[in-house]
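Subject: Structure handover: salt bridges

Hello,

Here is the structure I promised to pass on. Please open it alongside this note.

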Amino acid sequence: MVLKNPMFKMAIFVAIILSLFFLGFSYLFFEKFLTEKEISLTVINKEKFGNEEGRYLIFTPDEVFENSDSFYHRKTNAEIIYRKLERGVTYRVKVVGFYLPCLPRLRNITEVLGTEIKKESKP
């Protein structure tokens, strides 16, 4: 029978692995279109990530963001964005990716849209 043939089993296994790789790389290329969001964040602190060029961490009260150059996100301006962000200021930004606390993957800031002005309430 066909199902008992070891070559058939190996071909199915290879097809599954190749399909998973294809889906993974497809997600990387289309991640910007699938997960891009505009959010508001207040910068608490910002730091360079070790000795790596074009990679920075942006700390906010709720989450840590990454600001890095990325081929898949078509982004090469991480240093310019890093210089724009100031501590204590609230910004409107575009981010890409999913944030899951159990995974060591941070959302990437792709664009700074501007500062957010807070209206003071009068008593």
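Please keep in mind that this is a predicted model. I looked at its salt bridges. A search of the whole structure finds six of them.

Start with R55. R55 forms a salt bridge with E66. Their closest N and O atoms are 2.6 Å apart. This pair links distant parts of the chain. R55 sits in strand 3, residues 55-59. E66 sits in strand 4, residues 64-68.

R55 has another partner. E52 also pairs with R55 in a salt bridge. Here the closest N and O atoms are 3.6 Å apart.

How exposed are these side chains? E52 has 37% relative accessibility, so it counts as partly exposed. R55 is at 26% and therefore counts as partly exposed too. E66 is buried, because its relative accessible area is 12% and the cut-off for buried is under 20%.

Now move to R107. R107 forms a salt bridge with E63. The closest N and O atoms are 2.8 Å apart. R107 lies in the loop between strand 5 (90-96) and strand 6 (108-115). E63 lies in the loop between strand 3 and strand 4. The pair therefore ties together parts that are 44 residues apart in sequence. Both R107 and E63 are buried.

One last point, back at R55. Salt bridges that share partners join E52, R55 and E66 into one network.

Best wishes

Methods:
Residues numbered from 1 in each chain as written. Predicted model: local features only at pLDDT ≥ 70, side-chain atom pairs only at ≥ 80, totals over all residues. Heavy atoms only, no water. Salt bridge = Lys/Arg side-chain N within 4 Å of Asp/Glu carboxyl O. Buried < 20%, exposed > 50% of the residue type's maximum accessible area, 1.4 Å probe, protein only. Helix = DSSP H or I, 4+ residues; strand = E, 2+ residues; numbered from the N terminus.
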